[in-house]
Amino acid sequence: MSTKILSQKFYSAMDKLLPRYPTKQALLLPALHEAQEETRWLSSEVMAEIAAYLDMHPAKVREVASFYTMYNLQPVGKYHVKLCTNAACMLRGADKLLERCEAKLGIRCGETTADNRFTLMEEECLGACGTAPAMMFNDDYVENLTPAKIDELLAKQ
Ligand code: FES
């Protein structure tokens with residue numbers, strides 16, 4: 001029997017949610033979310049554990065998790081910077097902001113700093129087009145981005 005990675009807190013939260021969903025499998029998105037809260041990213045082992053709990057095939061869990069960019073299928077740093085480079089943000093200088101982040105952090109987009117503090121990624125539309133350019137800094141939205149805002153935010157961490 002393999003050792004569980006996810007905590008009792010995870011299982012308690014899922015058991016509590018279960019009656020609100022029509023099927024056990026319908027709990028997949030909340031389960032992925034809760035697991036990621038705990039482990040920061042969804043390894044194959046974590047997805048297999050979720051699959052076992054939900055009586056699903058692990059491939060199905062991976063298929064769903066890989067569809068949504070909010071789920072991390074690779075390890076991420078303590079601070080996860082997701083900069084939108086879709087149309088509205090691009091028209092308002094997202095490419096330059098991405099270059100600025102890369103220069104400040106000393107990494108390329110898609111990479112994590114050697115000290116595991118920052119991961120930088122491009123993101124699809126964050127739904128904040130009216131306040132573009134926008135990015136997510138962990139779970140927080142940062143809108144009307146400017147180079148100065150990026151400098152300030154990165155320096156504060
Ligand atoms: S295009 Fe960037 S938030 Fe919509």
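Start by selecting Lys4 and Tyr11: the charged end of Lys4 sits over the ring of Tyr11, 5.5 Å from its centre. A charge counts as sitting over a ring if NZ of Lys or CZ of Arg is within 6 Å of the ring centre and within 35 degrees of the ring normal. You are looking at a predicted model, where local features need pLDDT of at least 70, side-chain atom pairs count only at pLDDT 80 or more, and totals for chains, interfaces and linings use all residues. Residues are numbered from 1 along each chain as its sequence is written, and side-chain values use heavy atoms, leaving out hydrogens and water.

Phe10 and Tyr11 form an edge-to-face aromatic pair, 5.0 Å centre to centre with 90 degrees between the planes. Rings of Phe, Tyr and Trp (its six-membered ring) pair if their centres lie within 6.5 Å; planes under 30 degrees apart count as stacked, over 60 as edge-to-face and the rest as tilted.

How accessible is Phe10? Phe10 is buried, with a relative accessible area of 0%, and Tyr11 is buried at 10%. Buried means under 20% relative accessible area, exposed over 50%, and partly exposed in between (1.4 Å probe, protein chains only).

Now select Tyr53. Ring pairs link Phe10, Tyr11 and Tyr53 into a cluster, and the charged end of Lys24 sits over the ring of Tyr53, 5.0 Å from its centre.

Move on to Tyr68 and Tyr71. Their ring centres are 6.0 Å apart with planes at 90 degrees, so this pair is edge-to-face. Tyr68 is partly exposed at 30% relative accessibility, whereas Tyr71 is buried at 6%.
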